[in-house]
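Dear colleague,

Please find the structure below. My notes on the contact between its chains follow.

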Amino acid sequence: MRHIVQGTAIGLAAGFIGGLFGVGGGVVMVPGLVLLLGMDQHRAHATSVTAIVAASSAAVIPFAVDGEVAWDTAGLILIGSIVGAYFGARLIGRIPAVWLARAFLTITVIAAVRMAVSA
Amino acid sequence: MTVLGLIVVGLIAGSLAASLGIGGGIIYVPALVALFSFAQHEAQGTSLAVIVPTTVVAAVVHARAGRVEWGTALLLGIGGIVGGLIGAEAALALDAPVLKRLFAVFLVLTAVRMLSRTRRASHPEPLDPV
């Protein structure tokens with residue numbers, strides 16, 4: 001019973017963040033599963049990705065109805081991301097994860113500042 | 001040029017997602033806004049449209065490997081559908097400048113969390129006393 005309530009609550013919170021910010025929601029779901037349900041990292045990631053199929057399918061509907069989806073752009077990014085997931089991961093795997101994370105953090109902070117200033 | 005740029009954004013996001021375990025949305029949205037002058041709402045809607053097929057592929061791979069806990073995934077999915085609809089409606093109800101600033105805060109928090117997690121993973125001993 002507790003498991004049912006916790007699982008649904010994690011899904012609700014992750015879905016909300018995912019819908020609000022147009023991201024998957026894994027950033028909430030994975031730690032939720034690890035910390036609250038004691039799942040290991042790999043299972044949490046796999047289970048989260050599966051649930052996000054449903055959450056993101058629901059979240060995209062209101063955006064599509066309001067005409068806020070650029071389908072041609074989505075198609076192009078999708079092509080790149082599938083190729084990237086297959087081949088890019090092998091190349092990028094040679095760079096230590098902590099350096100990738102640092103580079104990502106730097107770019108992210110610059111993007112965030114630009115977004116906040118231009119808002 | 002734009003076509004090539006968008007494919008490159010996908011390439012980078014796909015590579016990072018596979019190696020760092022971060023979702024694509026955290027890259028698509030700021031990239032579309034900062035590099036391709038998308039409005040905040042359209043960037044988020046477009047990001048979600050990419051996430052759906054991407055997660056379908058990832059879910060199939062994980063399911064075949066037997067890593068998905070289906071009972072929990074069902075609960076998460078039910079909560080996720082309700083939460084996703086509410087979140088999307090909330091985003092559409094917000095003005096673009098407000099949503100953009102909220103997203104910027106979310107972006108920094110996510111990046112900091114990811115950096116601390118990666119650092120922990122690359123050090124056998126914990127850095128902080130637990």
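**Contact between chain A and chain B**

Between chain A and chain B there are 13 residue pairs in polar contact, both residues being at pLDDT 80 or more. Please keep in mind that this is a predicted model.

On the side of chain A that touches chain B, the elements giving two or more residues are α1 (2-21), α2 (26-37), α3 (41-65), α4 (71-92) and α5 (97-118) of chain A. Of these, α3(A) gives the most, with 19 residues. By type, the residues on this side of chain A are 48 nonpolar, 22 polar and five charged.

The contact takes 75 residues from chain A and 86 residues from chain B. The two chains bury about 6900 Å² between them, with 79% of it on carbon and sulfur atoms. Phe21(A), Phe104(A) and Met115(A) supply 11% of the area that chain A buries against chain B, more than any other three residues.

There is one salt bridge between chain A and chain B: the side chains of Arg43(A) and Glu69(B) meet at 3.8 Å, N to O.

**Aromatic pairs**

The count over all chains is three aromatic pairs. Phe21(A) and Phe106(B) are stacked, at 4.5 Å centre to centre and 15° between the planes. This pair crosses between chains, from helix α1 of chain A to helix α5 (residues 96-122) of chain B. Phe103(B) and Phe106(B) are edge-to-face, at 6.0 Å and 65°; both lie in helix α5 of chain B, three residues apart, about one turn of the helix. Phe21(A) and Phe106(B) are buried, and Phe103(B) is buried too. Phe21(A), Phe103(B) and Phe106(B) form one aromatic cluster.

Regards

Notes
Residues numbered from 1 in each chain as written. Chains lettered and ligands numbered in written order. Predicted model: local features only at pLDDT ≥ 70, side-chain atom pairs only at ≥ 80, totals over all residues. Heavy atoms only, no water. Contact = heavy atoms within 4.5 Å. Buried area = accessible area lost by both parts, 1.4 Å probe. Salt bridge = Lys/Arg side-chain N within 4 Å of Asp/Glu carboxyl O. Polar contact = N/O pair within 3.5 Å; in protein donor to acceptor, adjacent residues only side chain to side chain. Helix = DSSP H or I, 4+ residues; strand = E, 2+ residues; numbered from the N terminus. Nonpolar A, V, L, I, M, F, W, Y, C, P; charged D, E, K, R; others polar. Phe/Tyr/Trp six-rings, centres within 6.5 Å; stacked < 30°, edge-to-face > 60°. Buried < 20%, exposed > 50% of the residue type's maximum accessible area, 1.4 Å probe, protein only.
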